[in-house]
Each structure stands twice: as C-alpha cells, then as structure tokens.
Amino acid sequence: MTGPRVSRVSFLRVVMLSAVAAVLPWHGSSAQSTTELKARIDQLEQRIERLERDVLRPLPMMKPAPRPEAVLSDAIAAQDCPAPAVRLARAPLTICFSSKWKIPVWVGYTVSEDSLKGNARRTDDFRPDPGIDAKDQAALADYRGSGYDRGHMAPAAAFKASRAVMSNTFLMTNMAPQTPVLNRNVWRLLEDAVRDLALAKGPLWVFTGNTFTDKTTGRPAEPAETIGPGKVAVPTASYKAILYKGKDGQVRMLAISIPNWRGGLDRDFRSYVTSIDAIELATGIDFFAFLSNDLENALEAKVHPWPEPKTAAKK
C-alpha cells in the first residue's frame with residue numbers, strides 16, 4: 001500500500017507549492033513567506049502520512065479452522081508430481097500419470113468414514129481416461145493374455161458413497177499391471193485393512209503407486225518388462241504411503257511395499273511394512289513435504305508397525 005500513499009502525498013505537495021507560487025507576487029516578504037509556507041506544507045505532509053498509515057494498515061485475517069478431511073485433500077493436491085508425468089484431477093482422486101510408462105506414478109486420495117458410507121455397487125466400467133490421448137495410456141487390449149491383472153491403485157470399495165465417484169477408479173489411468181498373486185490376495189487384504197483403519201482412526205491420506213527399481217541398489221531404474229502392443233510398463237512393486245492424525249492429535253505414518261511377483265508372496269501384508277524413506281529412495285519422490293522438516297524426518301525414517309483397528313469395515 002506504500003505506492004498510492006506516496007503518490008497522493010506528492011500530488012498534495014504539487015498543489016500546495018503551486019498555491020505558494022500564485023500568492024508570492026502579492027505577498028510583502030516573499031522569501032520569509034515562502035520558507036514559512038514550505039514548513040507548513042512539510043508538517044501537513046507528515047500528518048497525512050501518519051493518518052494514511054493508520055487507515056491503510058492491513059487488518060489480521062481470521063480463518064476458520066479447516067476440517068481434517070479438507071487439510072488432507074489439499075495436501076494431496078499439492079504433492080509433487082515429477083515431470084514428465086502429468087497431474088490429473090479425477091475426483092476424488094489426484095493422479096500423477098506417466099505417459100511414458102502408461103501407468104500412475106502415484107494416486108492420492110482420502111479414505112474416511114464418509115467415503116465408505118453408502119451402497120454403491122462396483123461399476124466395473126474399465127475404460128480409457130478421456131483426458132489423455134489413447135496412444136499415451138494403456139488399452140484394455142494391452143492386458144488381455146498378458147498374465148497380469150488391471151490392478152487398482154485407488155480401490156473402488158473405498159468410495160461407496162457415490163456410483164459416479166466410484167466409476168473414476170475404473171479409469172485406465174488408475175491401473176497398473178499386477179500379478180494375480182499380488183492383486184487377488186495380499187493386495188486385496190491390504191486394501192481391506194486400510195478401510196478398517198479409516199473407520200477406527202479417522203481420515204487417512206493415502207498415496208498408492210508403483211516402483212521400478214534396480215535389484216542391486218534399490219534405486220529407480222527403467223522398467224524391465226512391458227505388456228501389450230502399447231508397451232505398458234510392469235512395476236517392480238506396488239506401495240502405499242499413509243498419513244493420518246490419531247485421536248490423540250499425533251501425526252502418524254505407515255508404509256507398505258509389496259513385490260510384484262508371480263509367486264512366493266506372503267499373504268500377510270504386515271510382512272511388507274517398510275519406511276516412507278525406503279519408498280522415497282525407490283521412487284525419487286519426496287512425500288509429505290508440507291510437514292515441518294523435524295516431524296517429517298522423524299516419522300519417515302521409522303518402520304511403523306501396522307495398528308490393529310477395533311472396528312471392522314463393511315466389505
């Protein structure tokens with residue numbers, strides 16, 4: 001606000017000095033009068049500046065405290081989506097999609113008691129995402145005969161409140177190739193447990209995605225396998241990174257990463273508990289960066305055991 005105040009004061013100075021110049025020829029003692037008038041003008045300018053500082057001083061804005069669900073959803077929308085992947089808003093999902101690999105890098109969403117309420121039936125309307133060119137995403141034909149399932153990143157069963165909302169989970173931009181051993185067993189059990197946890201602990205902020213890692217270093221690498229004419233990348237593993245606030249007000253994190261193997265997987269998803277730091281190493285993505293550095297570093301370095309909920313979700 002300093003610009004308008006200065007310009008108005010300068011305008012007043014010009015007007016006052018012009019008035020002085022106009023009266024000088026008619027005044028008996030011109031030099032002394034000019035000095036006195038200029039002194040009065042300076043005093044007036046100072047008073048005007050003080051008044052404008054008081055009037056134009058910004059008032060503090062009072063904002064209502066946001067609901068936990070709103071905070072989580074806002075943070076998901078702000079999560080880093082590294083180029084050349086693109087961010088897609090497909091309510092209630094935020095998708096970081098790789099046209100190069102034709103699968104999501106991650107899908108962010110909130111699971112809560114509200115999202116689990118309802119009787120919407122599974123739509124099974126698998127289809128291309130209309131916002132992505134057909135050549136840049138997987139087609140249904142890419143999965144046929146491949147030996148891989150169309151694995152949901154955000155599960156349909158987490159959005160029973162609305163059939164239209166659930167339908168967005170069947171977009172091909174929410175799918176990645178998963179082995180039947182993974183998709184139909186331990187991954188399904190993990191998704192059940194996430195819903196149980198939301199009912200027991202409150203809203204969860206969830207990122208589900210895929211990694212392509214070097215077997216030796218555990219760091220990001222190019223996909224070793226693709227499927228179909230569209231060459232859809234097959235991930236090394238699928239993960240979930242979860243943030244929530246307990247009823248005691250403390251922020252908590254959970255991380256699971258399960259190999260995309262054709263056999264030999266433990267049906268107990270707790271066997272695959274890991275740290276957020278490990279997922280960040282495998283993806284090259286900084287999750288939950290909106291937290292303070294001290295809190296983020298302390299929580300992400302630990303392997304947190306999966307809590308046992310007291311409330312069972314309705315399947």
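# Working chat: one chain, several residues

Student: Where does Val 107 lie?
Tutor: Val 107 lies in strand β3. Strands (E, at least two residues) and helices (H or I, at least four) are DSSP runs, numbered from the N terminus.

Student: What kind of model is this?
Tutor: It is a predicted model, in which local features need pLDDT of at least 70 and side-chain atom pairs count only at pLDDT 80 or more, while totals for chains, interfaces and linings use all residues. Residues are numbered from 1 along each chain as its sequence is written, and side-chain values use heavy atoms, with hydrogens and water left out.

Student: Back to Val 107. Buried or exposed?
Tutor: Val 107 counts as buried because its relative accessibility is 0%. Buried means under 20% relative accessible area, exposed over 50%, and partly exposed in between (1.4 Å probe, protein chains only).

Student: What is Val 107 in contact with?
Tutor: Leaving aside its neighbours within four places in sequence, its contacts (heavy atoms within 4.5 Å) include Leu 93, Met 153, Asn 174 and Thr 208. The C-alpha atoms of Val 107 and Thr 208 are separated by 5.3 Å, yet these two are 101 residues apart along the chain.

Student: What about the chain overall? How many helices and strands?
Tutor: The protein chain has nine helices and ten strands. Of its 315 residues, 44% are buried. Among contacts between residues at least 6 apart in sequence, 71% join residues at least 24 apart.

Student: Which residues touch the most other members of the largest nonpolar core?
Tutor: Ile 258 and Trp 306 do, in a core of 49 residues. A nonpolar core is a set of buried Ala, Val, Leu, Ile, Met, Phe, Trp, Tyr and Cys residues joined through side-chain atoms within 4.5 Å. Elements giving two or more residues to this core include β2, β3, β6 (204-211) and β10 (251-259).

Student: Which element gives the most to this core?
Tutor: α7 does, with eight residues. Apart from this core lies another, of 21 residues, among them Ala 85, Trp 106, Ile 276 and Ile 285.

Student: Which residues does Trp 306 touch?
Tutor: Not counting residues up to four places away in sequence, Trp 306 touches several, including Leu 190, Val 194, Ile 256 and Phe 269.

Student: New topic. How many salt bridges does the structure hold?
Tutor: Ten. A salt bridge is a side-chain nitrogen of Lys or Arg within 4 Å of a carboxyl oxygen of Asp or Glu.

Student: What does Asp 149 form a salt bridge with?
Tutor: Arg 184, with the closest N and O atoms 2.8 Å apart. The pair links distant parts of the chain, as Asp 149 is in strand β4 (residues 149-152) and Arg 184 is in helix α7, 35 residues apart. Asp 149 is buried, with a relative accessible area of 11%.

Student: Which residues are linked in a network of salt bridges?
Tutor: Arg 188, Asp 192 and Arg 195. The Asp 192 and Arg 188 side chains meet at 3.9 Å, N to O. Because these two are four residues apart in helix α7, about one helical turn separates them.

Student: Where is Lys 102?
Tutor: Lys 102 is in the loop between β2 (93-98) and β3 (103-111). Lys 102 counts as buried because its relative accessibility is 12%.

Student: Then which backbone oxygen does the side chain of Lys 102 reach at 2.7 Å?
Tutor: The backbone oxygen of Gly 230. The Lys 102 side chain also reaches the backbone oxygen of Lys 135, at 3.1 Å.

Student: Which peptide bond is cis, with omega near 10 degrees?
Tutor: The bond from Ala 83 to Pro 84. Pro 84 lies in the loop between α3 (68-77) and β1 (86-90). The bond from Ala 91 to Pro 92 is also cis, with omega near 5 degrees, and Pro 92 is in the loop between β1 and β2.

Conventions: A polar contact is a pair of N or O atoms within 3.5 Å; within protein, one must be able to donate a hydrogen and the other to accept it, and residues adjacent in sequence count only if both atoms are side-chain atoms.
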